[in-house]
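The sequence and structure come first.

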Amino acid sequence: MRLTVFGATGGIGGHVVRQALDAGHEVTAVVRASSSYDVAHPALEVVRVPGLTSAEPLVEAVDGSDAVISGVGPRGRKDGPVASGSTQSILAAMTKTGVRRFVAVSAAPLGPAAPDESFLNRRLLLPIINAFAADVYADLRVMEGEIKTSDTDWTIVRPPKLTNKALTGTYRTVVGGTVSRGYTISRADVAHLMLAALTTPATIDQPVGVAY
């Protein structure tokens, strides 16, 4: 496939680019003009843009792609509302170019609690996590709302705590729900799932929980 990857300099997006290239896809990596990016590959095109606040600079990167993958998100709680505004621009660029397949990363706390989640987690741990990163999750909720009301064939991937461990390709998923007692997942495995979702029709127009 021909894929456009946003957030290519980030932890998840970087893995998406490398894994996609290893799988034989053609990749357009979208990076900010001010960012350094030293990945090189015959099947990789790097498109530099001033930012993700407007759809127009993104049209060239999206046009002709079979799918768009977004690993855009805040690197920390102080980054502000990054995901929603960027995603709105990406979706607008997709509408202009007629590209429909979209996979984006969100976060596990936006999903429903798993039916067999422990009482301690339901009543103590999850509320603390939501309160600690309230601004981040509020931004992601807006992002998810924009995606769900778009005219794309979307998949939202919701991981729990992210780690930098190696790719395993072995993890649990719940389409439309949250993985029970799933506390961590590597960025590499989140990228693996995002690519796998492209050829998994059951994930279209669905959030997908993922964890070990």
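## A parallel pair

Strand β5 (residues 101-105) pairs with strand β6 (residues 153-158) in the parallel sense, over five bridges. Two strands count as paired if DSSP finds at least two bridges between them. Helices (H or I, at least four residues) and strands (E, at least two) are DSSP runs, numbered from the N terminus. Valine 103 has threonine 155 in β6 as its bridge partner.

The model is predicted: local features need pLDDT of at least 70 and side-chain atom pairs pLDDT 80 or more, while totals for chains, interfaces and linings use all residues. Residues are numbered from 1 along each chain as its sequence is written, and side-chain values use heavy atoms, without hydrogens and water.

## The whole sheet

The open sheet has eight strands in the order β3-β2-β1-β4-β5-β6-β10-β8, with mixed pairing. Its edge strands, β3 (44-49) and β8 (172-175), each pair on one side only.

## Helices on the sheet

Helix α3 (residues 83-97) packs on the sheet and touches β1 (2-6), β4 (67-70) and β5. Contact means heavy atoms within 4.5 Å. The direction of α3 makes about 170 degrees with that of β5. Axes are lines fitted to C-alpha atoms, for helices over the stretch in contact, and angles run from 0 to 180 degrees between N-to-C directions. Helix α5 (residues 134-148) lies across β5 and β6, at about 155 degrees to β6.

## Around α3

The buried residues of α3 pack against β1, α2 (59-62), β4, β5 and α5. Buried means under 20% relative accessible area (1.4 Å probe, protein chains only). Among them are Ala83, Ile90, Leu91 and Met94. Just after α3, glycine 98 takes a positive phi of about 80 degrees.

Key:
Buried < 20%, exposed > 50% of the residue type's maximum accessible area, 1.4 Å probe, protein only.
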